[in-house]
Amino acid sequence: MTATAVASRPAVAVRGVAYDWVAVVASAWLLGGLFWDGWAHGYSLPDSFFTIWHAAFYSGFLASALVILGPAIIRAPAIGLRASVPAGYGWAAIGVLVFGFGGVFDLVWHTAFGIESNLDALFSPSHLVLGTGMALIVSGPLRAAWARRESGVPAVISITMLLSLFTFFSLFAGPYSTVLGANPRPGGGTENVIARSLLGMYLFSGLVVGCALVALRRGTLPVGAMTLLVGLNGIAMILMRGHASLQVQVIFSVVAIGAGIVGDLLLWRLRPSSDRLAALRAFAFAVPVAYFTLYFTAVLALAGTWWTVHFLTGSIVLSGVVGLLTSYVFAGSTAELPAVPRP
């Protein structure tokens with residue numbers, strides 16, 4: 001057996017769906033640590049750099065680093081560093097380095113300026129560096145599926161984790177920041193509450209539709225994926241924000257899963273693609289409309305709302321418009337612009 005044959009064997013072991021599943025588990029460990037840390041911040045628990053949730057967070061990073069860089073370290077002497085990184089995991093490997101730098105930066109930042117409180121934690125420069133590294137790490141299985149031109153559950157879970165990272169860092173607004181529009185009416189500053197609620201709805205709509213269309217464009221959004229994408233993200237955010245009653249948590253988890261099921265029905269029935277632009281636009285519009293229709297139905301059933309019927313229905317429609325406009329980033333109009341005559 002030649003040395004070349006021996007060196008080529010690991011390539012088979014680390015370039016498939018089985019490896020993607022290992023990367024997904026490690027990424028879920030990392031993301032779970034982040035959400036545990038977010039849960040602790042939400043309850044204003046005593047915090048420092050050395051806590052059990054930080055231990056879970058950074059041990060998840062070590063697991064991800066081992067999974068992503070381990071094969072490269074083992075195989076690099078035989079086939080070179082670049083070739084040793086599994087296909088699609090190049091940016092994930094860079095993400096490990098970015099996260100490692102962010103961890104050191106975070107320790108220095110906390111030592112110099114103290115522990116962040118409330119929303120400060122989402123805007124701390126060291127945390128933004130960590131978030132960038134995490135985004136690159138958790139997207140590894142998705143990029144690997146793109147590189148192999150195939151789909152699969154690991155790719156769907158990967159983009160779900162990416163969406164969850166985005167919604168985590170924007171948890172100050174949107175449907176998981178609070179129960180939007182629920183009674184009782186705020187005592188003051190209602191205009192600010194309305195503006196924040198609307199912007200959160202628009203942001204959430206753009207994130208969900210944007211992630212779905214990116215996956216759709218690369219063939220990694222099979223029927224069933226929307227239930228995972230919207231449902232798992234909703235459950236993770238609701239559990240992390242677990243200050244609400246168990247009834248509220250269950251109902252809004254059902255809302256997220258239900259909206260995902262509607263999204264899958266639309267995906268199955270409309271078959272949206274760049275070759276079916278009308279179906280694509282309808283899908284992008286209908287997904288956020290379905291989500292917020294179910295969401296506010298639950299709000300009305302639980303507590304009622306202080307929003308007027310005009311504002312309630314209009315905000316749902318405009319969320320759909322955000323999704324619709326996002327679809328134009330995915331695929332523009334088929335109509336060609338007329339040539340501009342030269343002077």
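The model is a predicted one, in which local features need pLDDT of at least 70 and side-chain atom pairs count only at pLDDT 80 or more, while totals for chains, interfaces and linings use all residues. Residues are numbered from 1 along each chain as its sequence is written, and side-chain values use heavy atoms, with hydrogens and water left out.

Helices (H or I, at least four residues) and strands (E, at least two) are DSSP runs, numbered from the N terminus. R148 also meets the side chain of E150 in a salt bridge, at 2.6 Å from N to O. Through shared partners, the salt bridges join D20, R148 and E150 into one network.

D20 is buried, at 2% relative accessibility; buried means under 20% relative accessible area, exposed over 50%, and partly exposed in between (1.4 Å probe, protein chains only). R148 is partly exposed at 24%, and E150 is partly exposed at 28%.

**View 1. Helix α8 and the residue that follows.** Helix α8 spans residues 140-148, and its buried residues are G140, P141, L142, A144, A145 and W146. Just after α8 comes R149, with a positive phi of about 55°. R149 is not a glycine, although its phi is positive. This residue, R149, is placed in the loop between α8 and α9. R149 is exposed, with a relative accessible area of 79%.

**View 2. A patch of positive charge.** On the surface, R143, R149, R217 and R218 gather in a patch of positive charge. Patches are made of residues with over 30% relative accessible area and no salt bridge, where like charges are joined within 9 Å and nonpolar side chains (Val, Leu, Ile, Met, Phe, Trp, Tyr) within 5 Å. Lys and Arg count as positive and Asp and Glu as negative, whereas His and the chain ends are not counted. The place of a charge is taken as NZ of Lys, CZ of Arg, CG of Asp or CD of Glu. R217 is part of helix α10 (residues 190-217), and R217 is exposed, with a relative accessible area of 57%.

View 3. V223, I257, I261, L265 and W268 make a nonpolar surface patch of about 500 Å². Accessible areas come from the Shrake-Rupley method with a 1.4 Å probe, and for residues only the protein chains shown count as cover. W268 belongs to helix α12 (residues 246-270). The relative accessible area of W268 is 57%, so this residue counts as exposed.

**View 4. Backbone features in two loops.** A cis peptide bond joins N183 and P184, with omega of about 5°. P184 is located in the loop between α9 (153-169) and α10. R271 is not a glycine, yet it has a positive phi of about 50°. The place of R271 is the loop between α12 and α13 (277-302).

**View 5. I94 and L136.** The C-alpha atoms of I94 and L136 are 7.4 Å apart in space, while the two residues are 42 residues apart in sequence. I94 sits in helix α5 (residues 90-113). At 38% relative accessibility, I94 is partly exposed.

**View 6. The whole chain.** The protein chain has 14 helices and zero strands. Buried residues account for 49% of its 343 residues. Among contacts between residues at least 6 apart in sequence, 78% join residues at least 24 apart, a contact meaning heavy atoms within 4.5 Å. The protein chain exposes about 16700 Å², of which carbon and sulfur atoms supply 71%.

Methods: Salt bridge = Lys/Arg side-chain N within 4 Å of Asp/Glu carboxyl O.
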